[in-house]
Amino acid sequence: MAEGRIVRCLFHLLFISTVSSLLSNAKDSLVIREAEKTSDASKFIIAHSPSYVTFLPNAGAIPSDEVSNVIALALGFSSTKELDWAGLLAGDVFHRPKANVLITVDGVTKDDKFDLPGRAAAYPVTESEGASSLGGILSTSSVTQENLPTHVTNVFGGKSLTVSVSGSELLAAAGHATGTNSHTSFWNQAEDKFKQIEEDSVQGLEDLLVTKEEIIKRLEKANFGKGVKFASSTKEFTVSIPGKENAIFNMEKKEDFLLFAEIDAILQILEKLNSNPSLVEDGVPDMFTLSLSSVKGLRRRYGDKSLQAEGAIQFLKDMIPKIVKKFADLYNGNVLVEVLSLEWLGDLHTKYPHEMHVVYQEVQPHLLTQSMDMFHDHLPSVTLRNDLEETVKQSLCESLQNKLLSVQSRLRVSCVGRHRERRAAGGAAQVKAAPNIDLSKVNLGAQYSGHYPIIFNIWLWLLVVLVLSIYVVCLVMWYMDPGRDSIIYRMTSQRIKTD
């Protein structure tokens, strides 16, 4: 018993430290891409929006580093940066959505033609520097190093319900937020169950941590629609694909199982929220980050154009609208639901085995997590340790770039330095002192928060108005004629004459 508690404690500490490092490194340190990009399948789909939130249908492509700020503006929060995308209209300031649901589908290709029926709007996503993965996309500011769920829950003192669920630990960590109502879980392959970061963090969602056997028992009774059938004898799902053969998914295989386990986890959360209305009727906005990682895993196992990959896309096209409707009913329509599809550019480890081996050997000592599987799962992003100096990161990036060029590889390395992020966030340069300088004896400028100009303008114009008001009152009273302009003197004068 004691050993089990120690193991659980160590696991939670390890996961929390991993999440903290991922959040502090929200922007990807390095991005490895092919030199020529033939397609762009990433989309930002507005699956459901209230009548008081309006998106322009022909607003054009949205940069990936502006997605989180657009969502924040739609929820009524201020943006942390000036946006170039102008597809969101200013709505009613007195009516804002009660919740935001971001459903991410990782591993979509252009041939999938991924879209949702009845959606409000859809926009292509152009990749920005440092925002190719979900962690970079959800980052609201590289200065404060906050992601969108953390930003929202901090505004309301940690009271917002924040839920992040995924079969991938990295995707689950990208939507993680600390707070009294935070729930983050991912699939732990070693234990064959969904693991939660902090036990009993949200009352009503504690029993979502179920094993593989329990999930399969629930899947046997689940009704996913006419095109999906389950065979209990073989533990296989059959998904019909229009115009093609049926895709078969074996629940004994991790990639096949996760396709249905992730959907089942979302449906279980919806059931728990419906049975606990106090979780959604608390007067503060809720944040849901639901990331589906199974499509990417299926493409790696079976191939880009395999029946399993096409069957998974067809299955998600049928299930996501049902999930959107359930969330809309849960919040009586006062919810904003987006679907973010992330493009699959192929398994770099399979397409370029020699180059990726060289890259891994070069960056392994500096990786945030030393596991090779984690390294391949996070590609094309490479997250380095947060304690690395900028000079080390830049020299590592240049070394990788030179090695790839020397073998005439099509791969290119994009360097995302912390100093670039500071400039992009507003021009505040972060200067680091030399080791031989005592900072206590240096006249350093004070650091100001992002709210400083707002507070300054409020006080400035308030004082100007007060000074002008007092001046006008004094001026009028100075030239006042007591006998004509004042009713007090006029009434007193009449009474004196009468007496």
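The structure is a predicted model, in which local features require a pLDDT of at least 70 and side-chain atom pairs count only at pLDDT 80 or more, whereas totals for chains, interfaces and linings use all residues. Residues are numbered from 1 along each chain as its sequence is written, and side-chain values rest on heavy atoms, with hydrogens and water left out.

The average pLDDT (the predictor's confidence in each residue, from 0 to 100) of the protein chain is 81, and 81% of the residues score at least 70. Over residues 417-435 the pLDDT is below 50, and this stretch has 25 contacts in the model (heavy atoms within 4.5 Å) beyond near neighbours in sequence.

The protein chain contains 17 helices and 17 strands; helices (H or I, at least four residues) and strands (E, at least two) are DSSP runs, numbered from the N terminus. Of its 499 residues, 46% are buried, where buried means under 20% relative accessible area, exposed over 50%, and partly exposed in between (1.4 Å probe, protein chains only). Among contacts between residues at least 6 apart in sequence, 70% join residues at least 24 apart.

Nine strands form an open sheet with mixed pairing, in the order E3-E5-E2-E15-E4-E14-E8-E9-E10; two strands pair if DSSP finds at least two bridges between them. At the edges are strand E3 (62-63) and strand E10 (193-196), each of which pairs on one side only. Within this sheet, strand E8 (residues 162-166) is parallel to strand E9 (residues 182-188), with five bridges in the pairing. Among the facing positions, Thr162 has Ser182 in E9 as its bridge partner, and Val163 stands opposite His183 in E9. E8 also runs parallel to strand E14 (residues 286-292), to which five bridges join it; here Val165 is placed opposite Leu290.

Strand E8 is mostly covered, with five of its five residues buried. In a regular strand the side chains alternate between the two faces of the sheet. In E8, Thr162, Ser164 and Ser166 point one way and Val163 and Val165 the other way, and all are buried. Together with helix H5 (residues 169-174), E8 and E9 make a right-handed β-α-β unit; right-handed denotes that, with the strands pointing away from the viewer, the path from the first strand over the helix to the second runs clockwise.

A nonpolar core is taken as a set of buried Ala, Val, Leu, Ile, Met, Phe, Trp, Tyr and Cys residues joined through side-chain atoms within 4.5 Å. The largest such core has 63 residues, of which Ile103, Phe224, Phe260, Phe288, Phe315, Ile320 and Phe327 touch the most other members. Helix H7 (residues 254-275) gives the most to this core, contributing 12 residues. A second, separate core of 29 residues includes Ile46, Phe55, Val70 and Val152. In soluble globular proteins, nonpolar side chains tend to be buried together. Beyond its neighbours within four places in sequence, Ile320 contacts Ile103, Val105, Phe114, Leu116, Leu292 and Val339.

Glu355, in helix H11 (residues 353-363), is buried because its relative accessible area is 14%. Its contacts, apart from neighbours within four places in sequence, are Leu404, Val407, Ser409 and Leu411. Thr109 occupies the loop between strand E4 (99-108) and strand E5 (121-126) and is buried, with a relative accessible area of 13%. With neighbours within four places again set aside, Thr109 contacts Ala41, Arg299 and Trp344.

Lys113 is likewise located in the loop between E4 and E5, but is exposed, at a relative accessible area of 67%. Although not a glycine, Lys113 has a positive phi of about 50 degrees. Lys235, also not a glycine, has a positive phi of about 55 degrees. Lys235 lies in the loop between strand E11 (228-231) and strand E12 (236-239) and counts as partly exposed at 32% relative accessibility.

An unreviewed UniProt entry lists residues 458-480 as "transmembrane region"; UniProt positions are given in the numbering used here, feature names are shortened, and annotations may be inferred rather than shown by experiment. In the model this span is 91% helix and 0% strand, and the end C-alpha atoms of residues 458-480 lie 33 Å apart.
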